[in-house]
Amino acid sequence: MQINPYLSFDGRCRDAFQFYEKALGGTIAFMQTIGETPMAAHMPADAHSRVMHVTLTVGDQVLQGADAPPGQFTQPAGFCVALHFDEPVEGERVFAALSENGKVQMPFQATFWARGFGMLIDQFGTPWIINAGQIVGN
């Protein structure tokens, strides 16, 4: 079994995943819009540019997402995408990249369980936790 986050957006999925591709150092392996699918005939023309599905690969990990159908988007709540790094320098780099034009909830800093930890909500409304250099025993 594999578990991976599937993020939802309100028309900004393409922008978000292009941002994540750069911030996380990944590759968009697949992206398809509603207009490129058989669903296009059943959707309003202004929905055709919405992303039906996208897959971003980062190493052997996958992050996926889509734009919600028009009028069905709900703001994310009750979860965070957690990223774990061996080295605090890499965690801090990704934290800085993801926090661009976002809201830092807890600055990246040493804690009693990790040499680097921070929390943020990115410019697209996705909440992230960055954890790096776990201290042995935690």
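**Exercise 1. How far apart are the mean positions of the positive and negative charges of the protein?**

Start with the tally: the protein has 7 positive and 13 negative charges, and their mean positions are 4 Å apart. For the bookkeeping, Lys and Arg are taken as positive and Asp and Glu as negative, with His and the chain ends not counted. Each charge is placed at NZ of Lys, CZ of Arg, CG of Asp or CD of Glu.

Some housekeeping before going on. This is a predicted model, where local features need pLDDT of at least 70 and side-chain atom pairs count only at pLDDT 80 or more, while totals for chains, interfaces and linings use all residues. Residues are numbered from 1 along each chain as its sequence is written, and side-chain values use heavy atoms, leaving out hydrogens and water.

**Exercise 2. Describe the protein as a whole: its elements, box and surface.**

Step 1: read off the elements. There are two helices and eight strands, in the order β-α-β-β-β-β-α-β-β-β from the N terminus. Both kinds are DSSP runs numbered from the N terminus: helices are H or I with at least four residues, strands are E with at least two.

Step 2: get the box. Along the principal axes, the C-alpha atoms fill roughly 55 × 30 × 25 Å.

Step 3: check burial. Of the 138 residues, 38% count as buried (under 20% relative accessible area; exposed is over 50%, partly exposed in between, with a 1.4 Å probe and protein chains only).

**Exercise 3. In what order do the strands of the four-stranded open sheet come?**

Step 1: the order is β1-β4-β3-β2, and the pairing is mixed. Strands pair here if DSSP finds at least two bridges between them.

Step 2: the edges are β1 (6-9) and β2 (27-33), each pairing on one side only. From one strand to the next, the twist averages 15 degrees.

Step 3: go through the antiparallel pairs. β2 and β3 share six bridges, with Ile28 partnered by Leu56 in β3. β3 (residues 51-58) and β4 (residues 61-67) are joined by five, and Thr55 sits opposite Gln64 in β4.

Step 4: look at the turn. β3 and β4 make a hairpin with two residues between them, and Gly59 in the turn has a positive phi of about 65 degrees.

Step 5: α1 (residues 13-24) lies across β1, β2, β3 and β4, at about 5 degrees to β3. Axes are lines fitted to C-alpha atoms, for helices over the stretch in contact, and angles run from 0 to 180 degrees between N-to-C directions.

Notes. Contact = heavy atoms within 4.5 Å.
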